[in-house]
Amino acid sequence: MFDYTFQWRQAIRALPQMLDGALVTMQIAVLSMAIGVTIAVFLAVARNSSSRWLRAPATAWVEVARNTPALFQIYMAHFGLGSFGIYLSPYIALLAGIAFNNAGYLCETFRGALRAIPATQIRAGRSLGMGPAKAFRLIVMPQMFRISFLPTMNQAVWAILMTSLGVTVGMNSDLTGVTQDLNARTFRTFEFFAMAAVIYYLIAKAVMLGARLIAWRMFRY
Amino acid sequence: MFETDLSLNDLMFLAKGAGVTLAITFLAVTGGTLMGLLFGVIRAQIKPWMALPLTFVLDIFRSVPLLIQLILANAFQAIAGFGISPFVTSCIVLALYTSAYCTEIVRGAIEAVPMVTRRAARSLGLTWGQDMTQIVFPMALRVALPSWIGLTLGVMKDSALVLWLGIFELLKSSQVLITRLQEPMFILLITGAIYFMLSFPIARLGGRLERKWKEND
């Protein structure tokens, strides 16, 4: 039943290539998080606003992002926009898809955090002469990021794992893409993808550990 | 833009894909929940350091991309010569993936039941099994159900990844239609609408349950 010899040496020899891929993976994850957080802040404010014209599009974004697969969102960016003559490269499509997804999930995280900040603080800020934007920026936002820090870092790990979906739209420079390339050349599927799995695991753990350390260092009173 | 070659047959093809998505989700969630219940009770019952191997293994399923898990499992079953179909392989992988998350939900829910309540039950003469089924289960269910609904929807969305193993689920079916009709935006919009219709009402229900049950706490 088990007449297969594992060829680990090949996989280990390809390790530098795969680590280069891991860098691209990290790059996409960081960029998508930066874009996602920025959009999510606006979405969270829009969803809490009293204007229906602000609320409706923000709600639509969040519900679509949360109720369709991330892979679908990436396909939408890569294949769907082709209908309008917009052809995104796999890198941009993957980044756009993940950022869209991140923004939707992070918006809900931020909204939850906003609920925990007493409205009296904003009123105090306003009565000190701050405008609404300044009060939000200086009083609400720092607390919002602090409360939602760990859930946000969880989302960052999700973003890292989601970058693996790029291979389905032809991405070949991130960790999964590089692995798939090597696999297509050698057919040592198990060995290469096992290495990739270990690298992903270590990255995810490192990010989570780093987040815990930062939270412990920064957020103690 | 407003004319299409999409026929009723093609819509049936998409519906069939949606059926496969639902079938995989159902099998994976059923298997994953059963395993999650077992592992969750074990994790809540024994000391953390004794459960360490279990915790570590389940953590792997949450820290490695699902796509890689699927590829690895498929490659492994080919190497080992199990000869099981990609459909069964994906169901097994998704079930394990589900169980990893479900274990956390079950453990959290059991630990949310106050220890004094359980001690009261035991001191009234209830056995451990009675305590588990008649005291802990009803109370923990309220904590666990909203997250479990979220998990189920998450698995349904993640099940789109099994297309990599060549299974014709909803998203793969849409790819086939796109290749034939060359109308990517239109077909993807229909596909997205199907996913949305499957997921959104249940997500709403979960959110309402969560709010309703929080009021009584």
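Leaving aside neighbours within four places in sequence, which residues is Ala100(B) in contact with? They are Leu58(B), Phe61(B) and Arg62(B), where contact means C-beta atoms, placed from the backbone, within 7 Å.

A word on the model: it is predicted, local features need pLDDT of at least 70, side-chain atom pairs count only at pLDDT 80 or more, and totals for chains, interfaces and linings use all residues. Residues are numbered from 1 along each chain as its sequence is written, with chains lettered from A and ligands numbered from 1 in written order.

Ala100(B) sits in helix H4 (residues 86-112) of chain B; helices are DSSP runs of H or I with at least four residues, numbered from the N terminus. Ala100(B) is buried because 21 other C-beta atoms lie within 10 Å, the cut-off being 20 or more. Its C-alpha atom is 26 Å from that of Gly81(B), 19 residues away along the chain.

Now to the two chains: 31 residues of chain B are in contact with 32 residues of chain A. H8(B) gives the largest share of chain B's side, 10 residues. That side has 23 nonpolar, five polar and three charged residues.

In chain A, helix H6 (residues 119-127) and helix H7 (residues 132-147) pack with their axes 10 Å apart, at an angle of about 135°.

| Helix | Contact residues |
|---|---|
| H6(A) | Gln121(A), Ile122(A), Gly125(A), Arg126(A) |
| H7(A) | Ala135(A), Ile139(A), Val140(A) |

Terms used: Helices (H or I, at least four residues) and strands (E, at least two) are DSSP runs, numbered from the N terminus. Ala, Val, Leu, Ile, Met, Phe, Trp, Tyr, Cys and Pro count as nonpolar, Asp, Glu, Lys and Arg as charged, and the others, Gly among them, as polar. A residue is buried if 20 or more other C-beta atoms lie within 10 Å of its own, exposed if 12 or fewer, and partly exposed in between; C-beta atoms are placed from the backbone. Axes are lines fitted to C-alpha atoms, for helices over the stretch in contact, and angles run from 0 to 180 degrees between N-to-C directions.
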